[in-house]
Amino acid sequence: MSHALIVEDEPDAAEMMAALIATEDFTVATANTLRDARRQIALQQPDIVLLDLQLPDGSGMELFEDAELIAHSEVVLITGHASLETSIQALRLGAADYLIKPVNIKQLQGILSRVMRPSALKAELQTLTKEWEKTGHFGQLWGRSAPMQRIYEQVARVAGTAVSVFITGESGTGKEVVAQTVHDLSRRRKRPFLAVNCGAISPNLIESEIFGHEKGSFTGAERQHQGFFERAHGGTLFLDEITEMPLDLQVKLLRVLETGTFMRVGSTTSQQSDVRVIAATNRLPDQAVASGKLREDLMYRLNVFPIDMPPLRDRGEDVGLLAEHFLHEVCQREGQNKRFTPAALQRLSRYRWPGNVRELRNVVQRAYVMAAAETITDEWLPNESAGAGSNGGAVQDIGGAASIRLPLGTSLAAAERLLILATLAHFNNHKERTAAVLGVSLKTLYNRLKEYASEDESSDEATPER
């Protein structure tokens with residue numbers, strides 16, 4: 001049986017938790033002080049330590065000063081309230097999770113069901129590191145470049161904790177793959193990983209999709225519906241394009257993150273949430289806040305542990321490895337082996353990849369289909385000069401000649417607008433093709449165009465008549 005130690009100076013609270021934990025196939029010991037806690041750990045190494053921060057003879061944080069003492073125990077902090085400071089503190093100290101007083105039974109049961117000794121997680125990460133050194137992939141991520149090594153270090157550091165992760169980066173850089181890898185390395189791996197593209201759901205339906213709804217709560221609600229928070233119970237919920245979520249829904253999301261409770265649409269009964277939230281955006285968070293697309297308080301609550309994905313143009317040495325990986329996937333799926341010529345790999349490495357890893361995958365699949373022989377030449381690959389304009393800001397269709405140039409000092413918002421509108425014009429206002437080339441959802445493209453139209457109207461209204 002697994003062993004738990006409760007370090008809590010309130011006898012009633014300690015007794016209640018001990019009784020509950022005992023029903024979950026744990027042996028339980030209690031300690032009321034730091035001195036008692038050290039003695040109990042010396043007597044029997046616990047698999048999990050539930051540690052109150054406020055104790056008669058000091059702060060629970062002092063236990064972390066003796067790394068060897070708790071090296072083989074999962075530590076869960078017990079705090080009076082959930083806050084950004086608590087999350088950061090839990091991460092810095094190496095805690096796996098935290099509980100809010102009064103302790104919620106379901107949340108405690110969820111934590112107990114996910115107990116893993118730190119030594120087991122450490123051994124797993126060592127295995128992944130050896131695999132990366134051998135093959136170039138870390139979990140579901142691929143690459144040997146320095147920027148990707150930094151990503152692996154961050155993923156390894158945060159995966160075993162319960163803190164919120166905020167992934168930023170251009171479209172197509174692999175933000176969802178990072179989120180999936182964090183989940184796969186976490187204590188929640190046996191529970192669901194659900195991904196939601198906030199920009200692909202109608203604003204009228206997104207609240208129902210995320211939080212669920214009761215039967216009859218609105219026209220067409222013919223039955224009760226479980227939202228993503230309920231379906232991801234015990235696991236991880238990935239909210240992609242979080243800046244496309246309506247502001248009123250961002251308020252409700254913030255409440256879930258702070259209280260661990262939510263309500264279905266049309267209900268007056270709170271539901272408990274045991275979900276780790278990972279969010280992502282292709283916008284700069286500060287700019288999203290400044291433009292009114294993201295609430296500042298929600299950004300700070302999500303951005304506890306930021307991960308910024310590098311664009312593919314900054315990790316050129318990974319292009320060949322990724323291309324070979326994608327080609328291997330296609331060959332297995334289609335049942336015919338093909339390979340790149342050295343000239344083809346050189347062409348791929350010289351291209352700027354404005355659509356990042358997503359574009360590379362699409363190019364590989366297209367080249368596989370178009371190659372008549374078993375070798376893939378550079379015939380069906382993008383022109384190496386495409387996308388290679390001033391400061392990496394030019395955009396060009398594969399095999400085409402249209403491009404744009406941006407002067408140094410152009411703001412990212414202005415560059416994004418120019419890129420979207422120029423690409424749309426290049427494809428004769430064909431929105432589906434434009435979205436595909438830019439590596440964004442059709443919903444996101446429509447939202448951007450709506451913003452630009454609104455900005456133009458505001459500008460026209462502000463221009464005095466002559």
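1. **Sheet order.** The model is predicted, and the points below should be read that way. Five strands form an open sheet, in the order β2-β1-β3-β6-β7. The pairing is parallel. From one strand to the next, the twist averages 20°.

2. **Sheet edges.** Which strands stand at the edges? They are β2 (26–31) and β7 (97–100). Each has a single partner strand, so one side of each is left without a neighbour in the sheet.

3. **Strand β3, burial.** β3 spans residues 48–52 and is mostly covered. Of its 5 residues, 5 are buried. I48, L50 and D52 point one way from the strand. V49 and L51 point the other way. All of these residues are buried, D52 included.

4. **Strand β3, partners.** On one side, β3 runs parallel to β1 (residues 2–7), and 4 bridges join the two. L50 of β3 is the bridge partner of I6. β3 also pairs with β6 (residues 74–79), again in the parallel sense, over 5 bridges. Two positions locate this second pairing. L51 has L77 of β6 as its bridge partner, and D52 stands opposite I78 in β6.

5. **Strand β1.** β1 is mostly covered too, with 5 of its 6 residues buried. Its pairing with β2 is parallel and runs over 6 bridges. L5 stands opposite A29 in β2. In the sheet order, β1 sits between β2 and β3.

6. **Helix α2 on the sheet.** Which strands does α2 lie across? Helix α2 (residues 34–43) lies across β1 and β2. It runs at about 145° to β2.

7. **Helices α1 and α4.** The axes of α1 (residues 11–22) and α4 (residues 105–113) come within 11 Å. They cross at roughly 50°, which makes α1 oblique to α4. M17, L20 and I21 make the contact from α1. From α4, the contact is made by I105, L108, Q109 and L112. The crossing of α1 and α4 is right-handed.

8. **Largest nonpolar core.** This core has 28 residues. Which of its residues touch the most other members? They are F229, L239, I242 and M245. Several elements each supply at least two residues of the core: helices α8 (206–211), α9 (228–231), α10 (247–259) and α12 (296–302), with strands β12 (236–240) and β15 (276–281). Helix α10 gives the most, with 5 residues. As a general matter, nonpolar side chains in soluble globular proteins tend to be buried together.

9. **M245 in that core.** What is M245 in contact with, leaving aside neighbours within four places in sequence? The list is C198, I206, I210, L239, Q250 and L253. One of these, L239, is also among the residues that touch the most other core members.

Technical notes:
Residues are numbered from 1 along each chain as its sequence is written. This is a predicted model: local features need pLDDT of at least 70, side-chain atom pairs count only at pLDDT 80 or more; totals for chains, interfaces and linings use all residues. Side-chain values use heavy atoms; hydrogens and water are left out. A nonpolar core is a set of buried Ala, Val, Leu, Ile, Met, Phe, Trp, Tyr and Cys residues joined through side-chain atoms within 4.5 Å. Buried means under 20% relative accessible area, exposed over 50%, partly exposed in between (1.4 Å probe, protein chains only). Contact means heavy atoms within 4.5 Å. Two strands pair if DSSP finds at least two bridges between them. Axes are lines fitted to C-alpha atoms, for helices over the stretch in contact, and angles run from 0 to 180 degrees between N-to-C directions. Angles under 35 degrees count as roughly parallel, over 145 as roughly antiparallel, 65 to 115 as roughly perpendicular and the rest as oblique. A crossing is left-handed if the near helix is turned anticlockwise from the far one by less than a right angle, and right-handed if clockwise.
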